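Please look over the sequence and the model before reading on.

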Amino acid sequence: MRDSFKIQMEKQLGEIGISLDEEKMEQFFQYYEMLIEKNKVMNLTAITEEEEVITKHFVDSLSLVKVLPELKEGAVLRIIDVGTGGGFPGIPLKIAFPDCHFTLLDSLNKRVKFLEEVFEALHFNGIDAIHGRAEDFGRDSSRREQYDLAVSRAVANLSTLSEYCLPFVKKGGNFIAYKSGEIEEEVKAAGHAVEILGGKIKEIVPFCLPGTDMKRTFVWIQKEKNTPKKYPRKAGLPSKEPLV
């Protein structure tokens, strides 16, 4: 592991109150190297510089502790990462909080194969990657309303993301969307959709990535009621015709 990698990780994670042992730091570096190598042959991320990957992928993913500090206190949750892409935020969260069980869902099989390679290389237990669409798996009884928490950094409006994610969350659980940019109008527009799907917007948590002026926001939605059986709608509809 390069000194520059370790120094920057320790500094930025310190700013969000996370400390990692040597083994976890090595896992992060190994993941970084695998990501950059695989990115040469398939599109996993547009961000490849070490410093930027640390800030915009690793630290951004782990900033979830701003909403759920209980993760740092050893909470054991069943978590699904919807539209995980190259593994964000799921893999950074798994490294930092290995006792939680994770499911990483992505619609591209090549990405899922890469994720499985990472799981094996990092000797993970309690994690699986599934290839498919959220609309299909959200209707699967073995997945529907089985998770304490759904997270997503996927690029979609909040109404669409809520229809992808809330069906996975058990009553009393949470869905937390990672967002950037101005989101007030988007949140307001999604309010009714969130309610239809059984959720309630609990809190909007803005923050800046450590050492930058890059603004991020967590939209924290609590699941108050079971999602009606007709949601999610068939594949493609949530993005083409978001609930209003």
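A residue counts as buried when its relative accessible area is under 20%. The model discussed here is predicted.

**Aromatic pairs**

How many aromatic pairs does a search of the whole structure find? The search finds twelve. Two of them are set out below.

| Pair | Centre distance | Plane angle | Geometry |
|---|---|---|---|
| Phe5 and Tyr32 | 5.9 Å | 35° | tilted |
| Tyr147 and Phe168 | 6.2 Å | 80° | edge-to-face |

The pair of Phe5 and Tyr32 links distant parts of the chain. Phe5 sits in helix α1 (residues 3-15) and Tyr32 in helix α2 (residues 22-39), 27 residues apart. Are these two residues buried or exposed? Both Phe5 and Tyr32 are buried. The two also belong to a cluster linked by ring pairs.

Tyr147 lies in strand β4, while Phe168 lies in the loop between α7 (158-165) and β5. These residues are 21 places apart and again link distant parts of the chain. Both Tyr147 and Phe168 are buried.

**Glu145**

Phe168 also touches Glu145. Where is Glu145 found? Glu145 is in the loop between α6 and β4 (147-152). Its relative accessible area is 18%, so Glu145 is buried. The side chains of Glu145 and Lys223 are joined by a polar contact of 3.0 Å. Leaving aside residues up to four places away in sequence, Glu145 touches Pro167, Phe168, Val169 and Lys170, together with Lys223, Asn226 and Thr227.

**The largest pocket**

The largest pocket holds about 770 Å³ of space. Its lining consists of 29 residues. Which of them lie nearest the centre? They are Val82, Gly83, Arg153, Ala154 and Val155.

Several elements each supply at least two lining residues: α3 (50-62), β2 (101-106), α6 (134-137) and β5 (169-180). The largest share comes from β5, with three residues. By residue class, the lining of the largest pocket divides into twelve nonpolar, nine polar and eight charged.

Note on methods
Residues are numbered from 1 along each chain as its sequence is written. This is a predicted model: local features need pLDDT of at least 70, side-chain atom pairs count only at pLDDT 80 or more; totals for chains, interfaces and linings use all residues. Side-chain values use heavy atoms; hydrogens and water are left out. On a 1 Å grid over the protein atoms alone, a cavity is a set of points where a 1.4 Å probe fits but cannot get out, and a pocket is an open set with protein on both sides within 12 Å along at least five of seven lines; lining residues have an atom within 4 Å of a point. Grid points are joined across faces, edges and corners, and a volume is the space filled by probe spheres set on the points. Helices (H or I, at least four residues) and strands (E, at least two) are DSSP runs, numbered from the N terminus. Ala, Val, Leu, Ile, Met, Phe, Trp, Tyr, Cys and Pro count as nonpolar, Asp, Glu, Lys and Arg as charged, and the others, Gly among them, as polar. Buried means under 20% relative accessible area, exposed over 50%, partly exposed in between (1.4 Å probe, protein chains only). A polar contact is a pair of N or O atoms within 3.5 Å; within protein, one must be able to donate a hydrogen and the other to accept it, and residues adjacent in sequence count only if both atoms are side-chain atoms. Contact means heavy atoms within 4.5 Å. Rings of Phe, Tyr and Trp (its six-membered ring) pair if their centres lie within 6.5 Å; planes under 30 degrees apart count as stacked, over 60 as edge-to-face and the rest as tilted.
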